[in-house]
Amino acid sequence: MSDHDRVSELLAVYALDAVSHDESLLVELHVAHCEICQSELDQHFETAGALGTVVESPPEDLWSRIATQLPSSEPAGALATVTDIRRAPRRNRATTPEWFAAAAAAAAVVVLAVSLNSANSNLSRMRSQALASGFAQSWNAALAAPGHHSVTLRTPNGAQVAKVVIAPTGAAYLSSHAMAALASDRTYQLWAVSTSGAVSIGLMGSHPTNVSFAVGKLLPGETIAVTEEPESGSVAPSSTPVASGVIRA
Amino acid sequence: MEKWDGASDSELVEGLTRADQSCLAEIYRRHGSPAFGLAARVTGDRSAAEDVVQEVLLALWRRPERFDATRGSLRSLLLSMVHGRSVDLVRSREARRRRELRDANESQALSVDIDRHAWDLVVRDQVSSALATLSENERRPIELAYFDGRTYKEVAEMLETPEGTIKSRIRSGLKNLRAALSDNGVLELDVNNHESFEEGKLS
Ligand SMILES: [Zn+2]
């Protein structure tokens, strides 16, 4: 069964959040480059939204509690950060072949999906466990795929801290057991660095171990770098990389 | 806040990119009750529902670019975020513990702002009648998955039906539901089809 056939059977249950973590990863990676599935998925979300029209007034003070949490400074609104593939901005088809360079120039979002497997969130604990076996499988499959790239990320001192494997499909996997846990209001951020600048690949949380993401297309010679950033991420790296590595063919 | 009365959802989201808090307040006014209602329905826990709504609003504040008007409405984006987080909670142990600790007399019954939510109440009625047009075979799996936060595999087990069958019943059920909702005007069938795909350009 082709990827497309398998995913199209999962779209409806995905829209209802009724799939396993591995299945959602499969869907997210596929819809990122399949307009037919993306369009069906959008429709399922709209239908689910109607289904979810359950009106009940929240407590009177809920808004004021939310308002107190808004930072007075500028929000991270324009940030090139990641994650919700369902609603990641639609890419412009016309620019697809050059999208990486275009995105780099504009410091726009390049990343399609990042799913975190970090130890510091109750919410993600279940997903982490679900991912544990699936991650190893995906990792091995990517390593076995002809045309994959693998990158070792090293600190400026040369110590290995993480390995990244990028499958020809653009699915990428980072595994690290040597990245120190940050304060909870900080995050590691992943970047693709080329001659046209650094583009955010995604936020990895404060204590990443295994992270799956989609990078679209990376080219040999480009560098993958990790910086430490404020929790909501940065538009451009705000500090020198804690680790980096060059993509080899 | 009245200054945003006639603004479109897209204009409000645009305001978020300028850090305009009054835009988020208006978004909350328009969509807060449905967001809270769905979270409360799925989690069965009003205080968890408050957390969910708060998280989702702050997530939109931080990343307004998640909203893409060509892909669907702001309402459906918010509800899908609310649903995802609610389901995460339902599936975590923490949620179970919190439900046990829930303070029974914490909240009074609150009335719904009928004027503001008149259309939502219509939608809710229409959704109930549209659901009723589905066969039991399609309706049950959808309800168990969506409102109880079950995975399709769990639904298959509960209904003693093969997983593949459940998957395809949910899919055909959602399509039938969509057709019924467009018949009664709740959904516009072409809402997501501003850009029809061009086969030749598919990679
Ligand atoms: Zn497809």
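**Exercise 1.** State which residues B:Lys167 is in contact with, leaving aside its neighbours within four places in sequence, and whether B:Lys167 is buried or exposed.

*Solution.* Step 1: leaving out neighbours within four places in sequence, B:Lys167 is in contact with A:Glu9, A:Leu10, A:Val13 and B:Tyr152, where contact means heavy atoms within 4.5 Å. Step 2: B:Lys167 is found in helix α9 (residues 163-183) of chain B; helices (H or I, at least four residues) and strands (E, at least two) are DSSP runs numbered from the N terminus. Step 3: the relative accessible area of B:Lys167 is 15%, so this residue is buried; buried means under 20%, exposed over 50%, and partly exposed in between (1.4 Å probe, protein chains only).

This is a predicted model, in which local features need pLDDT of at least 70 and side-chain atom pairs count only at pLDDT 80 or more, while totals for chains, interfaces and linings use all residues. Residues are numbered from 1 along each chain as its sequence is written, chains are lettered from A and ligands numbered from 1 in the order in which they are written, and side-chain values use heavy atoms, with hydrogens and water left out.

**Exercise 2.** Describe the site of the zinc ion: which atoms coordinate the ion, and what is the geometry?

*Solution.* Step 1: the donors are A:His4 (ND1), A:His30 (NE2), A:Cys34 (SG) and A:Cys37 (SG), at 1.9 to 2.3 Å. Donors are N, O and S atoms within 2.8 Å of the metal (3.2 Å for Na, K and Ca); water is not among the atoms, so sites may look incomplete. Step 2: along the chain, the donors follow the spacing H-x25-H-x3-C-x2-C. Step 3: the angles among the four donor atoms are 105 to 120°, and the site is tetrahedral. Four donors count as tetrahedral if all angles lie between 85 and 135 degrees. For reference, the ideal angle for four tetrahedral donors is 109.5 degrees. Step 4: A:Cys34 is buried because its relative accessible area is 9%, and A:Cys37 is buried because its relative accessibility is 1%.

**Exercise 3.** Find how many disulfides the whole structure has, and decide whether B:Cys23 is buried or exposed.

*Solution.* Step 1: a disulfide is a pair of cysteine sulfur atoms within 2.5 Å. Step 2: a search over all chains finds zero disulfides. Step 3: B:Cys23 has 0% relative accessibility, so this cysteine counts as buried.

**Exercise 4.** Identify the residues with the most contacts inside the largest nonpolar core, and the helix that gives the most to this core.

*Solution.* Step 1: a nonpolar core is a set of buried Ala, Val, Leu, Ile, Met, Phe, Trp, Tyr and Cys residues joined through side-chain atoms within 4.5 Å. Step 2: the largest such core has 82 residues, and A:Leu16, A:Ile66, B:Ile27 and B:Ile170 have the most contacts inside it. Step 3: helix α2 (residues 21-43) of chain B gives the most to this core, with eleven residues. Step 4: a second, separate core of 22 residues includes A:Ala162, A:Val164, A:Phe213 and A:Val226. Step 5: not counting residues up to four places away in sequence, B:Ile27 touches B:Leu12, B:Val13, B:Leu16, B:Gly32, B:Leu57, B:Leu60, B:Leu74 and B:Leu78.

**Exercise 5.** Locate A:Val193 and A:Ala198, and list the contacts of A:Val193 beyond four places in sequence.

*Solution.* Step 1: A:Val193 lies in strand β5 (residues 186-194) of chain A, and A:Ala198 lies in strand β6 (residues 197-205). Step 2: A:Val193 touches A:Ala198, A:Glu222, A:Thr223 and A:Ala225. Step 3: A:Val193 is partly exposed because its relative accessible area is 30%.

Methods
Tetrahedral: all angles 85-135°; square planar, octahedral: opposite > 155°, others 65-115°.
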